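Welcome to a short tour of this protein. Please have the sequence and the 3D view open side by side, and follow the residues as they come up.

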Amino acid sequence: MLNIVIFGAPGSGKGTQSDNLIKTYNLFHISTGDVLRDNIKRGTELGAIAKAYIDKGQLIPDNLMIDILASVLDDHREEAANGVIFDGFPRTIAQAEALETMLQERGTSVTTVVGLEVPEQELIDRILLRGKLTGRSDDNMDTVKNRLGVYHNQTSPLKEFYQQRGLYQSIEGTGTIEEIFDRIQAVINPLLEA
Ligand code: AMP
């Protein structure tokens, strides 16, 4: 199985590059942000809880997020047979530790972590542009500041967590979508040959 964590700040291109990865490597895509937005759209109880956090740019509590991820994994075992791309999860050390255990219990592990590195001003420009194009409610200036703060405080320590495990691959996340995907493939393809 090829289990890829795609990692980076909001606006770093995780969703865009996930689309390329899914097509090229036939992986099952789990975007926790998409799962939450889908629940909001369908008006579920989870959606109502999630909306309050998302609109403020805060993270959904770890225990809730970890339960959601476990149930998505268990509901899609067949589609996930080749591997999974984890997009937007983990976002905290507690989530990363839970993911290790969860995958271990299912006889697998994280193969690699693709870390998209993008300068802060470009992140802000991209997110505000996406807000204009898609109407995504948390892509506005007020929320963006919070989301970047949350990223620096709670999520960026995961870089070291995965570096310590020898899993972190730093990718320059600027340039065209194709250029960035070429850089990603250059780190994934050797893993397939190994
Ligand atoms: P995203 O689409 O990945 O940028 O996620 C949008 C929002 O959903 C985030 O700002 C969080 O409020 C929430 N969210 C998504 N994934 C997680 C996660 N793994 N842990 C906590 N909150 C999350």
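Let's start at Gly-83, which touches Met-1, Leu-2, Asn-3, Leu-27 and Phe-28, leaving aside residues up to four places away in sequence. Do keep in mind that this is a predicted model.

- You will find Gly-83 in the loop between helix H4 (62–75) and strand S3 (84–87).
- Is Gly-83 buried or exposed? With a relative accessibility of 0%, Gly-83 counts as buried, because buried here means under 20% relative accessible area.
- Gly-83 and Ile-124 are separated by 41 residues in sequence, and their C-alpha atoms are 31 Å apart in space.

- Asn-3 sits in the segment before strand S1 (4–8).
- Its relative accessible area is 1%, so Asn-3 is buried.
- Which residues does Asn-3 touch, not counting those up to four places away in sequence? They are Gly-83, Val-84, Phe-86, Thr-108, Ser-109, Val-110, Thr-111 and Thr-112.

**The overall build**

- The protein contains nine helices and five strands.
- Going along the sequence, these elements follow the pattern β-α-β-α-α-α-β-α-β-α-α-α-β-α.
- The radius of gyration is 16 Å, close to the 16 Å that the globule rule gives for 194 residues, so the protein is as compact as a globular protein of that length.
- If you like to picture dimensions, the C-alpha trace spans about 45 × 35 × 30 Å along its principal axes.
- Of the contacts with a separation of 6 or more, 75% are between residues 24 or more positions apart.

**Surface, burial and charge**

- Buried residues account for 46% of the 194 residues.
- The protein exposes about 9800 Å², and carbon and sulfur atoms supply 50% of that area.

**Backbone features in two loops**

- Phe-89 and Pro-90 are joined by a cis peptide bond, with omega at about 0°.
- Pro-90 belongs to the loop between S3 and helix H5 (93–105).
- Asn-26 has a phi near 55°, a positive value in a residue other than glycine.
- Look for Asn-26 in the loop between helix H1 (14–25) and strand S2 (28–31).

**Two helix residues to look up**

- Ala-70 is part of helix H4, and at 18% relative accessibility Ala-70 counts as buried.
- Which residues does Ala-70 touch, leaving out those up to four places away in sequence? Ala-70 touches Met-102 and Arg-106.
- Ala-70 and Met-102 are 32 residues apart along the chain, with their C-alpha atoms separated by 7.2 Å.
- Asn-39 lies in helix H2 (residues 32–42), and its relative accessibility of 10% means that Asn-39 counts as buried.
- Asn-39 touches Thr-44, Leu-46 and Gly-47, again not counting residues up to four places away in sequence.

Definitions and conventions: Residues numbered from 1 in each chain as written. Predicted model: local features only at pLDDT ≥ 70, side-chain atom pairs only at ≥ 80, totals over all residues. Heavy atoms only, no water. Helix = DSSP H or I, 4+ residues; strand = E, 2+ residues; numbered from the N terminus. Rg over C-alpha atoms; globule rule 2.2 N^0.38 Å. Buried < 20%, exposed > 50% of the residue type's maximum accessible area, 1.4 Å probe, protein only. Contact = heavy atoms within 4.5 Å. Areas by Shrake-Rupley, 256 points an atom, 1.4 Å probe, with all protein chains shown as cover.
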